[in-house]
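Thank you all for making time this morning.

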Amino acid sequence: MDKRQQLISTAFTLFYQRGIHAVGINLILDTSGIAKKTLYHHFATKEDLLLAVLEYRDSVFRDWLARRLRQAGSGRIASLALFDALDDWFNDRVAELQPFAGCFFINCCAEFGDVTHPVHRHCARHKADIQALLSELLQQDGMSYQQASAVAARLCLLKEGAIVQAYVCGELEAAKLAKSLAMEIVKGADIN
């Protein structure tokens, strides 16, 4: 792993475990074993490093999730597999995502509340991309774009609620509970 990637990976782990504002540059440097000069060669500011960390987590998470959903099949079946994937994540059965500490994007938004801030915008884009992925899968079953988008929005609302329940309340069965509601939403899509 090159030094830039090592900085990103180390910063992600620390930010995810402790929070962004709680982690200083010196801790990232001490943990990574990389010199300050090297850090500033790659990233002018801590915020630049954070934006690279967001790109990294976005890529790892979306690749993992897309792979999991496509392995399940297509359409409605794949969209419901979202909750099986979440259950594995909540219960630390996904090594590539690190031990569950909530959603990194939600956590970042809690620390960067200004909706116009680049960090907040990046997090919102991640959430929109996940919703678009679900919508695309639902369209494979013949749903119209509008109908698939509406169902995907509801499934994402359940997904976000399950993540918060799992992290804030320690309800590690939240994804299973959400899946039963998701089945009703997907089944009801035929009626709407």
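Helices here are DSSP runs of H or I with at least four residues, strands are runs of E with at least two, and both are numbered from the N terminus. Please keep in mind that this is a predicted model, in which local features need pLDDT of at least 70 and side-chain atom pairs count only at pLDDT 80 or more, while totals for chains, interfaces and linings use all residues. Residues are numbered from 1 along each chain as its sequence is written, and side-chain values use heavy atoms, with hydrogens and water left out.

Let me start with the loop between α5 and α6, where Gln98 lies. Gln98 has a phi near 70°, which is a positive value in a residue other than glycine, and Asp92, with a phi near 55°, also has a positive value without being glycine. Asp92 is found in the loop between α5 and α6 as well. Are these residues buried or exposed, where buried means under 20% relative accessible area, exposed over 50%, and partly exposed in between, with a 1.4 Å probe and protein chains only? Gln98 is buried, at a relative accessible area of 19%, whereas Asp92 is partly exposed, at 48%.

Ala101 has its place in that loop between α5 and α6 too, and it is buried, with a relative accessible area of 13%. Taking contact to mean heavy atoms within 4.5 Å, Ala101 touches Tyr16, Asn107 and Tyr167, if residues up to four places away in sequence are not counted. Ala101 and Phe90 are 11 residues apart in sequence, and their C-alpha atoms are 8.4 Å apart in space.

Grid points are joined across faces, edges and corners, and a volume is the space filled by probe spheres set on the points. The structure holds one cavity of 30 Å³ or more, and the largest cavity contains about 50 Å³ of space. Its lining includes Arg57, Trp89, Phe104, His126, Lys127 and Lys159, and α4, α6, α7 and α8 each supply at least two of the lining residues.

Lys159, one of those lining residues, lies in helix α8, residues 145-168. Lys159 is buried, with a relative accessible area of 3%, and, not counting residues up to four places away in sequence, it touches Leu82, Phe83, Leu86, Lys127 and Ile130.

Lys127 and Ile130 are among the buried residues of α7, and what covers the buried residues of α7 includes α4, α5, α6 and α8.

Methods:
On a 1 Å grid over the protein atoms alone, a cavity is a set of points where a 1.4 Å probe fits but cannot get out, and a pocket is an open set with protein on both sides within 12 Å along at least five of seven lines; lining residues have an atom within 4 Å of a point.
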